[in-house]
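Hi,

Here is the structure I said I would pass on to you.

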Amino acid sequence: METLLYKNTQISYSDTGKGTAVVLLHGFLENKTMWDFYVSELSKKNRIITIDLLGHGETESLGYIQTMEENADVVHEVLSKLRIRKAILVGHSMGGYVSLAFAELYPEKMKGLVLLNSTSKEDSPERKKNRDRAIKAVKKDYETFIRLSIANLFSEENREILINEIEAVKIQALKTPLQGIVASLEGMKIRKDREFLLHTTTFPKLLIVGKKDPVLNYEENLEQIKNTNVELVTFPDGHMSSIENKEELLKVLSDFFKRI
């Protein structure tokens, strides 16, 4: 583990391998350990950087609202320290929102983008209300909120099949401090719509979606890439492709990196 200070806040990251720089960004309630399997495989041919986003893993919280832009600045700070000029960003769920914020703020640093179970669209009014409900729920009963939140990310069938894997994700999620959870929910709630980036940017882009994603509606998610040059990969399962479709995802990412 390596660290740097950003606005008096300790940021934790890892840097493994040589070759094309790839930044792997975890989702809400996750941390950089979600990528351990992928780091060990992908670092054979690429330089793989993982970062604990604000208020997650071993990175401290920063304030009461952690915006996607603030997280993007953290990513920029890590890349600057590592003297990386351009990178491919892979973002799972919230990590995708951060990747898009980074792409808007630092377009010259983008070599490619992978949105994994994520969307360029802002929260709908209903989703914003759900974020507020989630903030109340986690303040009221932290552990129950996390346990339910994690189980609900998997397709229904996989909740029965992947019991051990789901438990492992819950254990990591329970390391996320309350402030980090609330500040991230507030940040996701106010994030802006960045669908225009899928239409206007020239770097290679890939959208990976789960057919039975309980979080993101499959049909709605395809809408954002109509009339774009964004590649699409569909897996048959839920929101956690990194676990539900592990080997397939590794192949898809490896092939995408090779082509860039």
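Below is what turned up, starting with the sheet and moving on to the pockets.

Keep in mind that this is a predicted model. Its sheet is open and mixed, with eight strands in the order 1-2-4-3-5-6-7-8. Strand 1 (2-6) and strand 8 (231-235) are the edges, each pairing on one side only. From one strand to the next, the twist averages 20°.

S14 has T50 in strand 4 as its bridge partner.

Two helices to look at next to the sheet: helix 2 (residues 68-81) packs on it and touches strands 1, 2, 3, 4 and 5, with its direction at about 125° to that of strand 1. Helix 3 (residues 94-105) lies across strands 3, 5 and 6, and runs at about 145° to strand 5.

Now the pockets. The largest has about 650 Å³ of space. Its lining counts 23 residues, and F28, R131, S149, L153 and V215 lie nearest the centre. Helix 4 provides the largest share of that lining, six residues. By type, the lining splits into 12 nonpolar, seven polar and four charged residues.

The second largest pocket holds about 350 Å³. Here 15 residues form the lining, with T33, M34, A168, V169 and I243 closest to the centre. Helix 7 gives the most to this lining, four residues, and the lining as a whole comprises seven nonpolar, four polar and four charged residues.

Cheers

Note on methods
Residues numbered from 1 in each chain as written. Predicted model: local features only at pLDDT ≥ 70, side-chain atom pairs only at ≥ 80, totals over all residues. Heavy atoms only, no water. Pairing = 2+ DSSP bridges. Axes fitted to C-alpha atoms, helices over the stretch in contact; angles between N-to-C directions. Contact = heavy atoms within 4.5 Å. 1 Å grid on protein atoms, 1.4 Å probe; cavity = no way out; pocket = protein on both sides within 12 Å on 5 of 7 lines; lining within 4 Å. Points joined across faces, edges and corners; volume = space filled by probe spheres on them. Nonpolar A, V, L, I, M, F, W, Y, C, P; charged D, E, K, R; others polar.
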